[in-house]
Amino acid sequence: MSAAANETGPATGRRARIALCAGLLAYALILSRFIGAVAGGSDNSGYFNEARLFAHLTVHAQPRVVAGLPPGDAPPYLYVPLGFRPATGGPSQIVPTYPPGLPILLVPVARIAGWRHAGDILLVLHSLAGLALTFALGRMCGLSPGWSLLGCAVLAASPLYLYTSLQALSDVPATAWAAAAVLAAWKSRGRAGWALASGVSFAVAFLIRPSNFLIALPMVIAFGVSPRRWLLSAAGAIPGIAAWMAINHAAYGGYLESGYGAIGNEFHASLIPGTLRYCARWLPNLFGPIVIVAPAVIALVRLLPRRVALLAAWAAAYVGFYSAYRWTHQDWWFLRFLLPAAPALIVSGLMVVNACLERLRTGAPRGVIKTFTVLLVTASLCAETVQILTLEAWTIGRGERKYGRVAEWLKANLPADSVVVANQFSGALYYFTDFTFLRADQIDGATAKRIQAVVQAAHRPMYAVTFPFEDDLIARMPCRWTMVRAVDDVLVRRCDWPDR
């Protein structure tokens, strides 16, 4: 990177910081308008249900059971909502599936702001932090305030970043804490105490998503050969890792177990070529065309060896790890697993473009270079905006909020002793209501007849809450389903048993 690229005065830096604060405020207003970080689908409700358990200092929950059909005599997941699994000790208890980091962070926010707004507040704060840290990463890598601000804008305009900022998912928090770990590790080169902060950030990132162990590679490069910094970082990380192991042992019976089970079965080397092609197609749409040139940052290794090595290791670690994961290429939004590498990819691309423009400055008029730069920035941000509209990334929060509306209607209109058949809605049903429910995807022909017998014997009404793609699941029940209510695309139907 040339000296000109990093040449800034106090006024320029001050203007950039003001612009950054104004941009973050504007983004916060946008998120506040569209966010729906609530207990919705599987992941979303899973985090909230787990957080509520942590608030009561437990990881075990009781399934709600229909009398006459105990869990031990039923399909194993009949009474288990999405986001849970049967406890190791037997079917009389259930435990959360997901990593504990995001639920742990939800608890104190809920204590202060209430459960209704905790998810929204937590996601907005982490989304803004991820943007600010991307700006800081650009500055750390020698980019000017203006170019660093552009990196922040590219991430903010990403349909994937927006999509995962508007619902209760762990991707944006995982990104923010991973970036914080690397930046703190780099700052520890000037002041060793930052190594402790880096270790704490690593632990939080790991608790949120264990695959964030990958961020240790760029952290080591940032630390350099310094046993003192490594020890300080370890001291900051060990309490969080110990907490993760203790929770695993309590929930799953083993310190290194997880709610996902044998996740190694989800990784296959044969998937790597196809996933890499998928990434090459979609990452420019999701993070802007700037990432196309990101791999060329290696060409700058002689100029900025440690910074380039750090960025390359950061991006390569996540892309390489998830290229063998069977879910990565299922749809565009599954690339959210790569989101923690987004700051490195974006800053790498900007460094390459900036270096190319520096070369051109020696042989082209200054006005031409400025015009070209403006056109490049505008094209990149416009490309991302088009994708936001095309993919309807801004609508996901609204879709999540409907779970709460459906639950409120059910509580107001269904008899308290109702049995509810649900699948996609099961996690939200467990979180928002006290109804006994049955997992629709667990009901086969024999189980349906047993359910009919015990529900009719107890004179309990039965309803189904389904999405359009779930009609075939409730068709297994030997009753006539009568439409009661539709909330958006969620249908509430009553089971009318045939006369005996």
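Covering the buried residues of α12 are, among others, α4 (115–140), α7 (171–187), α9 (216–223), α11 (272–287) and α13 (342–361). Here buried means under 20% relative accessible area, with a 1.4 Å probe and protein chains only, and contact means heavy atoms within 4.5 Å. This is a predicted model, where local features need pLDDT of at least 70, side-chain atom pairs count only at pLDDT 80 or more, and totals for chains, interfaces and linings use all residues. Numbering starts from 1 along each chain as its sequence is written, and side-chain values use heavy atoms, leaving out hydrogens and water.

**A look at α12**
- The buried residues of α12 include V308, L311, W314, A315, Y318 and Y322.
- An α-helix has 3.6 residues a turn, so residues three or four places apart point the same way.

**The whole chain**
- You get 18 helices and 7 strands, taken as DSSP runs (helices H or I, at least four residues; strands E, at least two) numbered from the N terminus.
- Buried residues account for 56% of the 500 in the chain.
- Take the contacts between residues at least 6 apart in sequence: 74% of them join residues at least 24 apart.
- The C-alpha atoms fill a box of roughly 90 × 45 × 45 Å along the principal axes.

Conventions:
Buried < 20%, exposed > 50% of the residue type's maximum accessible area, 1.4 Å probe, protein only.
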